[in-house]
Amino acid sequence: MEIELIKFEVKGGDRGSLISLEENKNIPFDIKRVYYIFDTRPGVRRGFHAHKNLQQVLICVSGGCKIMLDDGKEKKEVELFSSANGLLLNSCIWREMFDFSPDCVLMVLASDYYNEEDYIRNYQDFIEYIK
Ligand code: TYD
């Protein structure tokens, strides 16, 4: 499994920084939805699902967290701590997010609207699905 980190160009200078995200340019899909995860309680692990079709880019716009990715064959851990990096997550990857800093705001850009039918929330079902 390859970890696909997108490095965003940081614009700005003396006055501060700015990053611009554009669909089908530095974000490799149509952006249909944006959501963000914040105020995660200490020690909490979130996620615990895979998607059948959805593509996502995860960006810690503040603070940091760790993400465990599992394609059914191998598991990898990624640490996100820079708002200048996005983690591209294609479909059929089981993910768990943990070690959120208190100030962490994890922003997610998604290729489709919220659809519970696209979720696989049981790990055994995930293993069966990817076979
Ligand atoms: P969930 O996927 O369980 O996230 P977590 O485990 O990190 O808390 O989602 C929590 C709730 O939010 C669930 O009821 C579904 C809802 N939800 C939406 O309504 N829209 C969305 O875009 C997302 C991601 C979740």
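Biologist: What lies over the face of Phe 98?

Modeller: That would be Arg 45, at 4.2 Å from the ring centre. Keep in mind that this is a predicted model.

Biologist: And which side chain does Arg 45 meet in a salt bridge?

Modeller: Glu 96, with 2.9 Å from N to O. Arg 45 sits in the loop between strand 4 and strand 5, while Glu 96 is in strand 10, so you're looking at a link between distant parts of the chain, 51 residues apart.

Biologist: Are those two buried or exposed?

Modeller: Arg 45 is partly exposed, with a relative accessible area of 37%. Glu 96 counts as buried, at 11% relative accessibility.

Biologist: How many salt bridges are there?

Modeller: The count comes to seven. Among them is one between Lys 66 and Asp 99, again at 2.9 Å from N to O.

Biologist: Where do Lys 66 and Asp 99 lie?

Modeller: Lys 66 is in strand 7, which covers residues 65–70, and Asp 99 is in the loop between strand 10 and strand 11, so the pair ties together parts that are 33 residues apart in sequence. Lys 66 counts as partly exposed at 23% relative accessibility, and Asp 99 counts as partly exposed at 48%.

Biologist: Which residue makes a salt bridge with Asp 112?

Modeller: Lys 32 does, at 4.0 Å from N to O. This pair also links distant parts of the chain, 80 residues apart: Asp 112 is in the loop between strand 11 (105–110) and strand 12, and Lys 32 is in the loop between strand 3 (16–18) and strand 4 (33–37). Asp 112 is partly exposed at 35% relative accessibility, and Lys 32 is partly exposed at 38%.

Biologist: OK, new topic. What's the strand order in the open sheet?

Modeller: The order is 8-7-10-5-12, five strands with antiparallel pairing. Strand 8 (75–80) and strand 12 (119–120) stand at the edges with a single partner strand each, so one side of each has no neighbour in the sheet.

Biologist: How many bridges join strand 5 to strand 12?

Modeller: Two, and the strands run antiparallel. Strand 5 covers residues 46–51. If you want a spot to look at, Ala 50 stands opposite Ile 120 in strand 12.

Biologist: Let's do the ligand. Which residues are around the ligand?

Modeller: Arg 33, Tyr 35, Arg 46, Gly 47, Tyr 114, Tyr 119 and Arg 121.

Biologist: How far are the polar side-chain atoms of Arg 33 and Arg 46 from an oxygen atom of the ligand?

Modeller: For Arg 33 there's a polar side-chain atom 2.4 Å from a ligand oxygen. For Arg 46 the distance is 2.9 Å. Arg 121 also has an N or O side-chain atom 3.3 Å from an oxygen atom of the ligand.

Biologist: You listed Tyr 35 there. Which side chain has a polar contact with Tyr 35?

Modeller: Gln 56, through a contact of 3.0 Å between the side chains. Gln 56 is found in strand 6, residues 56–62. At 1% relative accessibility, Gln 56 counts as buried.

Biologist: What about Trp 94 and Tyr 123: what angle do their planes make?

Modeller: 85 degrees, with the centres 5.2 Å apart, so the pair is edge-to-face. Trp 94 lies in strand 10 (residues 94–98) and Tyr 123 in helix 1 (residues 123–130), so the pair ties together parts that are 29 residues apart in sequence.

Biologist: Is Trp 94 buried or exposed?

Modeller: Buried, at 3% relative accessibility. Tyr 123 counts as partly exposed, at 28%.

Biologist: And which residues form one aromatic cluster with Trp 94?

Modeller: Tyr 123 and Phe 126.

Conventions:
Residues numbered from 1 in each chain as written. Predicted model: local features only at pLDDT ≥ 70, side-chain atom pairs only at ≥ 80, totals over all residues. Heavy atoms only, no water. Phe/Tyr/Trp six-rings, centres within 6.5 Å; stacked < 30°, edge-to-face > 60°. Helix = DSSP H or I, 4+ residues; strand = E, 2+ residues; numbered from the N terminus. Buried < 20%, exposed > 50% of the residue type's maximum accessible area, 1.4 Å probe, protein only. Lys NZ or Arg CZ within 6 Å of the ring centre and 35° of its normal. Pairing = 2+ DSSP bridges. Near = heavy atom within 4 Å. Polar contact = N/O pair within 3.5 Å; in protein donor to acceptor, adjacent residues only side chain to side chain.
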